[in-house]
Amino acid sequence: MNQFWSDIVGELEPYVPGEQPKEGLFIKLNSNESPYDPSPKVVEAMEKAVHGHLALYPEADATPVREAVAKYYNIAANQVFVGNGSDEVLAHVFHGLFCHKGKKILFPNITYSFYLVYAKLYGIAYQEVPLAADFTLDLAPYLAASSAEVSAIIFANPNAPTGIALGLPQIEQLLQAQPDILVVVDEAYVDFGADTAVKLIHQYPNLMVIQTLSKSRSLAGVRVGLGFAQAEVLEALIRVKNSFNSYPIDRVAQAAAVAAFEDDAYFKKTRQMIIDSREYLVKHVRELGFEVLPSSTNFIFMRHPQLDAAQIAASLRERKLLVRHFKRTGIEQFLRVTIGTQESCEILARALSEIVSKDVA
């Protein structure tokens with residue numbers, strides 16, 4: 001610890017992303033990226049932006065993106081916030097909406113680990129709520145929360161790393177039961193099998209939804225995230241953004257985002273390819289004896305009753321296949337496997353078959 005560090009720095013446990021290998025040829029199934037390139041129209045728009053006005057600052061509020069997204073979801077542009085990846089949107093949410101003296105926030109004990117990182121970074125009191133025994137979200141503790149003690153509830157839907165989704169009726173039940181508590185639904189994976197809550201923001205001033213273009217729209221390398229809420233709620237994020245970085249989304253990223261939402265046919269085509277490959281992989285790993293949680297995402301969460309997850313991950317790595325192993329209590333025997341191309345899934349299935357046949361008597 002350096003003498004010049006702020007006091008809080010030494011106390012932080014930063015988020016650890018999936019391995020990005022620098023050597024060898026690996027099949028990456030560990031970071032929940034799309035296996036497909038973005039739409040050719042997106043690439044064309046980005047190339048055009050590069051040869052445009054890069055010497056000038058981009059549009060500060062990403063108005064072209066907000067308008068394109070608003071048109072897509074049939075909402076108003078002032079109900080859309082754009083950030084440098086959904087992690088930045090989350091950061092502004094924590095900073096601008098969760099910091100209430102004497103109150104805490106609630107989130108699941110097994111979920112996206114950035115929630116815990118941001119809570120600690122911004123000094124926000126929090127409570128981790130256990131998932132149900134089957135790894136579904138147990139609504140009861142959230143429904144029973146007191147608005148005198150709790151300022152906000154945040155959860156990923158579908159959840160990560162479990163992949164299980166909550167239905168819109170359940171989300172509405174929570175919104176109706178807790179009108180004085182902000183409910184933030186993080187929909188990073190919603191396009192792969194769940195219903196978006198964006199359609200509910202007209203009805204519920206206590207709802208905020210977060211999405212990303214990194215997964216279903218193949219733009220993890222560009223960094224564009226979205227926040228949806230009623231305009232009065234989003235004003236807090238705008239104030240925080242403009243007090244931190246007034247130009248977070250560059251011209252090239254804005255052009256990419258607009259084109260990605262305009263090319264809906266390509267989005268639907270590649271999304272379905274991922275879903276089809278997911279179902280193929282689920283079928284094959286279950287035949288090998290793996291338990292697989294129901295997935296509405298571009299990944300599966302699985303464990304084998306007779307094999308150690310860390311050892312499986314190591315054996316796959318020897319075969320140049322990367323998957324994600326979380327060394328966390330409750331899920332330490334699970335592996336999270338991103339859905340790659342159909343060919344990648346077939347290669348993984350063969351490798352797992354070799355491992356199982358070798359190590360299971």
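Let's start at A260, which sits in helix α8; helices here are DSSP runs of H or I with at least four residues, strands are E runs of at least two, and both are numbered from the N terminus. Before going further, note that this is a predicted model, where local features need pLDDT of at least 70, side-chain atom pairs count only at pLDDT 80 or more, and totals for chains, interfaces and linings use all residues. Residues are numbered from 1 along each chain as its sequence is written, and side-chain values use heavy atoms, with hydrogens and water left out.

Is A260 buried or exposed? A260 has 7% relative accessibility, so it counts as buried. The cut-offs are under 20% relative accessible area for buried, over 50% for exposed, and partly exposed in between, using a 1.4 Å probe and protein chains only. Leaving aside neighbours within four places in sequence, A260 is in contact with V42, L213, R217 and L219, where contact means heavy atoms within 4.5 Å. The C-alpha atoms of A260 and P40 are 9.4 Å apart, although 220 residues separate the two along the chain.

Now look at who α8 packs with. Two packed helices are described by the angle between their axes and the distance between the axes. Helix α2 (residues 63-73) meets helix α8 (residues 251-262) at an angle of about 15°, and their axes are 9 Å apart. Those axes are lines fitted to C-alpha atoms, for helices over the stretch in contact, and the angles run from 0 to 180 degrees between N-to-C directions. That makes α2 and α8 roughly parallel, a label for angles under 35 degrees. On the α2 side, the contact is made by T63, P64, V65, A68, V69, Y72 and Y73, and on the α8 side by Q254, A257, V258 and F261.

Stay with α2 for a moment. Its buried residues are V65, R66, A68, V69, A70 and Y73. These pack against β2 (80-83), β7 (207-212), β8 (225-228) and α8. Just after α2 comes N74, with a positive phi of about 60°.

Over in strand β5 (residues 150-156) you'll find S151. S151 is buried too, with a relative accessible area of 9%. Apart from neighbours within four places in sequence, S151 touches F98, H100, K103, K104, I105, I181 and L182.

Finally, how many disulfides are there? A search of the whole structure finds zero, counting a disulfide as a pair of cysteine sulfur atoms within 2.5 Å.

Key: Parallel < 35°, antiparallel > 145°, perpendicular 65-115°, else oblique.
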